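User: I am new to this structure and would like to go through some of its helices with you. Could we take them a question at a time?

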Amino acid sequence: MRSPAANIVQDINDIPSPYLNGVFDLKKYRVVDLLLSRGCKWRCSYCIIGENPLRYFSFDRIKAELEVLVKKAPELSTISLITTDLLENEKFALKLLPLMREISWKRGIKFIFDINVNSLSARNIELMKLLNCADFEAEIGVQSRNNEVLFSCGRPGSKGIEEGFELLKKHAPGLSVTIGIIRGLPGDDINGYKNALSWVFSTGYDLQVRHLRILPGSRLEKNKKQYGIEIIKKYPYFVSSVNTIPRKNMLKMVRLTEDACFSYKMIRMSKALKDNFLTSASELKNNSEYPHLEFAEKFTIWLGKSRKFGKIYRDYNQKRKSETLDWELDYGSFENVSLRALLVEFVKFKSSWKATKPAGKR
Ligand code: SF4
């Protein structure tokens, strides 16, 4: 059953602010969402946000809301800014980012937000510099490295993405970044997915994999026959197969993600280890199509057989056996891992393994 489409609120500032109207007793709140905008200027086929035009709340309103949060929520540690791209509205961002920095500096509050990958360009260098704050965490959805897949989803291609991330690294080295990719997009396949994973690993940034879900009202839902989309018929409507990815390959992709990310997550816990991984994997470029992925997969196998990490790997496996496709990239908790022991295993692994052949097709 579907309700008729509602009328769009043209000026979203007409919507009363829950923070300014004292709807919540903020005393005990540690994490809050703060809505900056509605709608999106893009129309990705798997998303419904872009079905409505992009509209912003006024800067004055957001500033007043932040003041209320800082004043009335003494336990607040994280503000999640809800907008599809913090850098999209340059004037707005140029005013907001200094304010966020000031709040972080004075109160140690962390800000989490999304950036559209297409905003990472030379025209936004001033904004990138303002992002350089240890309390800022950006999520940047790349989704795929395959241009045809991106175009067919209604996204711009991946041209300029590498340069964009290089600029971000240069001008905002202190920013925490998570790169998002989507598993199971129509037109993609295992090799395209491996390419995306390996590329994310090569950036050294954190990774988030979302399994494609079909949202009611999205263009993918309307065109699911055209793309051969089969859906698991219960919430959250993950795809089980698409025209170019049969179900058995989809499951292989799930497994591949989990295996490779076991070691990648650990590697990212130490800067020295991460830097060494990036250098070592780059050296395999001539021998492997997906050097960083292959390195991570092989290191996972090594760790799984090791005395110190075998149990951690078995526990990790046990956990994922109870999961289905309904699984996002929860790397598991490796808080008690000894970095020294990990470094020893890494050195032993490196000296024992050389890539001698390109990664085989799965
Ligand atoms: S996926 Fe992101 S960029 Fe695409 S329409 Fe949705 S919000 Fe906009």
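Predicted model: local features only at pLDDT ≥ 70, side-chain atom pairs only at ≥ 80, totals over all residues.

Analyst: Residues are numbered from 1 along each chain as its sequence is written.

User: How far apart are the end C-alpha atoms of helix H12?

Analyst: Helices are DSSP runs of H or I with at least four residues, numbered from the N terminus. The expected span is 1.5 Å times one less than the number of residues, so the 14 residues of H12 (residues 339–352) should span 20 Å. The end C-alpha atoms agree with this, being apart by 20 Å.

User: Which residues of H12 are buried?

Analyst: A residue counts as buried if 20 or more other C-beta atoms, placed from the backbone, lie within 10 Å of its own C-beta, as exposed if 12 or fewer do, and as partly exposed in between. On that basis the buried residues of H12 are Leu342, Glu345 and Phe346. Because they cover an arc of only 105° around the axis (taken from the directions from the helix axis to the C-beta atoms), they lie on the same side of H12. On the other side, the exposed residues are Arg340, Val347, Lys348 and Ser351, so the buried ones asked for are Leu342, Glu345 and Phe346.

User: Are H9 and H12 roughly parallel or roughly perpendicular to each other?

Analyst: Helix H9 (271–282) is among the elements that cover the buried residues of H12, and Leu273, Asn276 and Ser280 in H9 meet Leu342, Leu343, Phe346 and Lys350 in H12. The two pack at an angle of about 15°, with axes 11 Å apart, where axes are lines fitted to C-alpha atoms over the stretch in contact and angles run from 0 to 180 degrees between N-to-C directions. Angles under 35 degrees count as roughly parallel, over 145 as roughly antiparallel, 65 to 115 as roughly perpendicular and the rest as oblique. H9 and H12 are therefore roughly parallel.

User: Which residues are in contact with Met253, leaving aside its neighbours within four places in sequence?

Analyst: Met253 is placed in helix H8 and is buried, with 22 other C-beta atoms within 10 Å. Contact requires C-beta atoms, placed from the backbone, to lie within 7 Å. With neighbours within four places in sequence left aside, the residues in contact with Met253 are Arg183, Ile190 and Tyr193.

Key: Contact = placed C-beta atoms within 7 Å.
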